[in-house]
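Here are some notes to read alongside the model, with the cut-offs spelled out as they come up. Shall we go through it point by point?

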Amino acid sequence: MVGAAFVLAASSIAVSQGTAVAQPPAPAGPNVKYVVTADAPLSFDINYVTSSPADLQAFNADASAYSTRGSFVVPWETTATLADPQWAYISVARAGHAMEAPPNAHCEIWVDGQLAVQNTGPTTAFCQLGQW
């Protein structure tokens, strides 16, 4: 009887360990990461694509359905799952100030963990992939 209880306990541990290593489901599309940095932690106006439109005409008809715009303090990053990562786009802008050195805005787009494009400008930076 003690032997049967031991076998039952051992088998339940083996079952619970087997379910602990289950893999999460794959994302619906390529994972896109947007990254923005600058020489100082300043606020920038950032506009970026959050979902893939059917085509450029659909995007132009209702850009807010496919993108997000806001004011964010850098360094900043976010991710989006795009059905087609070639729609990835980010713009970064900050108004220049007369007595302030340029903040050197820098943007990056990463697709599935690989750097796809980067750009730097004194007060603005734009990064985009192929559909633009």
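1. Let me start with a charged pair: glutamate 100 forms a salt bridge with arginine 94, and their closest N and O atoms are 3.5 Å apart. A salt bridge here is a side-chain nitrogen of Lys or Arg within 4 Å of a carboxyl oxygen of Asp or Glu. By this rule the count comes to 1.

2. A word on conventions. This is a predicted model, in which local features need pLDDT of at least 70 and side-chain atom pairs count only at pLDDT 80 or more, while totals for chains, interfaces and linings use all residues. Residues are numbered from 1 along each chain as its sequence is written, and side-chain values use heavy atoms, with hydrogens and water left out.

3. The classes are buried for under 20% relative accessible area, exposed for over 50%, and partly exposed in between (1.4 Å probe, protein chains only).

4. Leaving aside neighbours within four places in sequence, arginine 94 is in contact (heavy atoms within 4.5 Å) with Leu42, Ser43, Phe44, Glu100, Pro103 and Thr123.

5. Now the layout. The chain has 2 helices and 8 strands, in the order α-β-β-α-β-β-β-β-β-β from the N terminus. Helices (H or I, at least four residues) and strands (E, at least two) are DSSP runs, numbered from the N terminus. Arginine 94 is found in the loop between strand E5 (89-93) and strand E6 (105-111).

6. Strand E5 deserves a look. Of its 5 residues, 4 are buried. E5 runs antiparallel to E2, with 4 bridges joining them, and also pairs with E8 in the antiparallel sense over 5 bridges; two strands pair if DSSP finds at least two bridges between them.

7. Which residues touch the most other members of the largest nonpolar core? In this set of 25 residues they are Tyr34, Ile46, Trp76, Ile90, Val92 and Ile109. Two or more residues each come from strand E1 (31-37), strand E2 (43-49), strand E4 (76-81), E5, E6 and strand E8 (124-128). A nonpolar core is a set of buried Ala, Val, Leu, Ile, Met, Phe, Trp, Tyr and Cys residues joined through side-chain atoms within 4.5 Å. Not counting residues up to four places away in sequence, valine 92 touches several residues, among them Val36, Phe44, Ile46, Cys107 and Ala125.

8. Some whole-chain values for your comparison tables: 30% of the 132 residues count as buried. Among contacts between residues at least 6 apart in sequence, 66% join residues at least 24 apart. The chain exposes about 8000 Å², with carbon and sulfur atoms supplying 59% of it; these areas come from the Shrake-Rupley method with a 1.4 Å probe.

9. Please also check the backbone geometry. Most residues other than glycine have a negative phi, and most peptide bonds are trans. A cis peptide bond, with omega about 5°, joins valine 74 and proline 75; proline 75 lies in the loop between strand E3 (67-73) and E4. Asparagine 104, in the loop between E5 and E6, has a positive phi near 55°. Aspartate 112 has a positive phi of about 50° and sits in the loop between E6 and strand E7 (114-121).

10. Last, serine 67 in strand E3. Serine 67 counts as buried, at 13% relative accessibility, and a polar atom of its side chain lies 2.8 Å from the backbone oxygen of alanine 63. Leaving aside neighbours within four places in sequence, serine 67 is in contact with Asn47, Tyr48, Val49, Thr50 and Phe59.

Terms used: A polar contact is a pair of N or O atoms within 3.5 Å; within protein, one must be able to donate a hydrogen and the other to accept it, and residues adjacent in sequence count only if both atoms are side-chain atoms.
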